[in-house]
Amino acid sequence: MNITNNTILITGGGSGIGLEIAKALSPSNKIIIVGRNKEKLDAAAKDLENVFTIQADITNESDVNRLFEEVKTTFGGLNILINNAGNAYVYNIANDGNAHNKALAEFTTNYFAPIRLSEKFLPLLKEQNEAAIVNVSSIVGFVPGSHLPTYSDSKAALHSHTQLLRYELAKDTNVKVFELMPPLVATDFSAEIGGKENGIPASDVANDLVKGLQENIYEIRVGNTEVVYNNFFAGTQGAFATFNN
Ligand SMILES: NC(=O)c1ccc[n+]([C@@H]2O[C@H](COP(=O)([O-])OP(=O)(O)OC[C@H]3O[C@@H](n4cnc5c(N)ncnc54)[C@H](OP(=O)(O)O)[C@@H]3O)[C@@H](O)[C@H]2O)c1
């Protein structure tokens, strides 16, 4: 798809992968970065051309309604929605004792919020000649990571949702649905599991997204995700053992 002259909203665009996507797609697009922390957003946007900020918690319905109204009135439309903001707990499912509450919080951010945002913004996206939704899932959406049990569940649910949304919207709309599947990436998000030392740069993920959008690659399996994905289809047990060793 065309990746210039669009209006693009990135949830979690104030840091990590979202911010690198904002950098990669500006200045030839209008970029709106969204997060809960206004100061963080403003600092991220300060030196970037065509990057605008809107403070909102994507898990809060009234914030999402306000975000929608602000995008509609200030920007007059939207071409690309990037559901990137995420939440994860690192723990052991066998002995944590609080897995239910952690799963609820993870699913609220990683699964329910993208569904609400996509549903809310679809009317604006459908007005465009060409538009897209990008859901940022994860390598652990295919094969669960032992240290990220219910986060893995939430990304598997997002993967399933993304497949069907793509299929249905392709029937009679111009809205393309992409899934960006990063491996371990060096951001604050993954610091607890060694991402700062062992993760790939967030800019690599952003570059793969740009290429994927341009070439209409709907499942963008970044770096090691491709290997794990192929192992998964070669045999689930093998992929599980390889990934969790
Ligand atoms: N890093 C990895 O190894 C890795 C691997 C695979 C997939 N991913 C996925 O990639 C995405 C981006 O992660 P990242 O590594 O770039 O993490 P990050 O640097 O921590 O960025 C996450 C962003 O999401 C925002 N956010 C979190 N909850 C929010 C909410 N309720 N409402 C609005 N904004 C919210 C945060 O800003 P505020 O705190 O200001 O709200 C933050 O800017 C996530 O979906 C993550 O699951 C990451």
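Predicted model: local features only at pLDDT ≥ 70, side-chain atom pairs only at ≥ 80, totals over all residues.

Residues are numbered from 1 along each chain as its sequence is written, and side-chain values use heavy atoms, with hydrogens and water left out.

First, the largest pocket, which holds about 1200 Å³ of space. Lining it are 46 residues, and the closest to its centre are Asn84, Gly86, Asn87, Thr187 and Phe189. By pocket I mean an open set of points on a 1 Å grid over the protein atoms alone, where a 1.4 Å probe fits, with protein on both sides within 12 Å along at least five of seven lines; lining residues have an atom within 4 Å of a point. Points are joined across faces, edges and corners, and the volume is the space filled by probe spheres set on them.

Which element gives the largest share of that lining? It's α1, with 3 residues. At least two residues each come from α1 (16-25), β2 (30-35), α2 (38-45) and α5 (149-172). Helices (H or I, at least four residues) and strands (E, at least two) are DSSP runs, numbered from the N terminus. By class, the lining has 21 nonpolar, 20 polar and 5 charged residues; Ala, Val, Leu, Ile, Met, Phe, Trp, Tyr, Cys and Pro count as nonpolar, Asp, Glu, Lys and Arg as charged, and the others, Gly among them, as polar.

Next, helix α4. There's a kink of about 40° in it, centred on Thr108; the bend is the angle between axes fitted to the seven residues ending at a residue and the seven starting there.

Now the asparagines. Asn79 sits in the loop between α3 (61-75) and β4 (80-83), and it counts as buried because its relative accessibility is 10%. For the cut-offs, buried is under 20% relative accessible area, exposed over 50%, and partly exposed in between (1.4 Å probe, protein chains only). A polar atom of the Asn79 side chain lies 2.8 Å from the backbone nitrogen of Thr7.

Asn5, in the segment before β1 (7-11), has a positive phi of about 60° without being a glycine. At 70% relative accessibility, Asn5 is exposed. Asn50 also has a positive phi, near 65°, and is partly exposed at 30%.

Last one: a cis peptide bond joins Ser26 and Pro27, with omega about 10°.

Methods:
Polar contact = N/O pair within 3.5 Å; in protein donor to acceptor, adjacent residues only side chain to side chain.
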